Amino acid sequence: MKQAVLQMLLTASINLDKDNPRIKHYLEQYKEISSELIALALSDNSSEGSSTTYHSLRDSIKESRGIIHPIVVSHEPDGSYVVIEGNTRLQIYREFEKNGTPGNWGEIIALVYEQLDDDEKHKIRLQSHLVGPREWDPYSKAKYLFYLSEVEGRNMNAIISMCGGNGSDIKKSIDAYKYMVNFYKPYTKEKGLDFDVSEYSKFKEHENSKIKSSIEKRNFEANEFAKWVANRNVNNAMKVRLIPQIMRNDEALNAFLKENITAAEKVLHAAELASADLSEYPYDVLASALYKRLFDFPVGEIQNLANDESYSDKLWKLQNLKEKLDFVLDLVEKQTK
């Protein structure tokens, strides 16, 4: 890596980086990209977490009257300055300067490199945001890895040497990004839904051969998982790992398609309980456990039992239990007379 010079630069003289992976998905919908559009993307990123981070950083810089870590800038062959790391901090300075916020916001401390090539720029971004203290969101990381692998054609060893990790995890990240772009993005557009990049973790969990195989064995199309995410059937990223079990259980699968993974998980737990050997537990222990379970019975569950045909089996089991309990308690009452 070339040697950098620490110096103060005029904020107005530095160009924001249009290739910043954290906002590139936001910019892709526009044909012409201006510095004002980049500024808007930085301050109003599509994920709630990113927006919160921007405003927290802005408040911190305002309180401290400046930044602690210099931004990183490349002095380009045409004489321009382009920020490689620190777009958000630069934009905050510009915002303060424009709004007349008290402080010296017309200049910013920067590490300036002379004419960085693409490899050097990639290394700075990767070290700062894939393995560094100011991480991009997972979708932006995956998008950048995809760019390095399939747009620039870099081999896996080269990517690993830049950012660490292992080839398997990097490939899974890239494949999850591709799946989102190929299936999730078109479906959300067709249905008028938001393309929510914060759902990325669900798609990365999906990139497991056992999960994909179990879905395929039930004759679902390749794009079905994208629909499930968009329609909120997949309502928990960690529970995506339950999908192979759900696919093997018809009742759980019906609950999943009708509601979500959480509902399917309840069916699976019920199946586990049914298959467990409870014969050694005294009836009074089982009765106590059931009493505790039913003590705070949800109102919504009662409404489902009363009105939803899919709950008829559960209702029958409760009615059958009541009948047996009434029979036993009637016998006890007769013995006490």
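Residues are numbered from 1 along each chain as its sequence is written. In this predicted model local features need pLDDT of at least 70, side-chain atom pairs count only at pLDDT 80 or more, and totals for chains, interfaces and linings use all residues, while side-chain values use heavy atoms, leaving out hydrogens and water.

Reader: How are H6 and H8 oriented to each other?
Author: Let's take helix H6 (residues 138–151) and helix H8 (residues 167–191), whose axes sit 8 Å apart at an angle of about 100 degrees. Helices here are DSSP runs of H or I with at least four residues, strands are runs of E with at least two, and both are numbered from the N terminus. Axes are lines fitted to C-alpha atoms, for helices over the stretch in contact, and angles run from 0 to 180 degrees between N-to-C directions. Angles of 65 to 115 degrees count as roughly perpendicular, so H6 and H8 are roughly perpendicular.

Reader: Which residues of H7 make the contact with H8?
Author: Helix H7 (residues 156–163) packs on H8 at about 100 degrees, with axes 10 Å apart. Contact means heavy atoms within 4.5 Å. On the H8 side you'll find Gly167, Ile170 and Lys171, and on the H7 side Met156, Ile159, Ile160 and Cys163.

Reader: Which strands stand at the edges of the sheet?
Author: The open, mixed sheet has 5 strands in the order S1-S5-S3-S4-S2. Two strands pair if DSSP finds at least two bridges between them. Having a single partner strand each, the edge strands are S1 (5–10) and S2 (14–15).

Reader: In S5, what is the bridge partner of Met8?
Author: S1 and strand S5 (residues 107–114) pair in the antiparallel sense over 6 bridges. For Met8, the partner in S5 is Ile109.

Note on methods. Angles under 35 degrees count as roughly parallel, over 145 as roughly antiparallel, 65 to 115 as roughly perpendicular and the rest as oblique.
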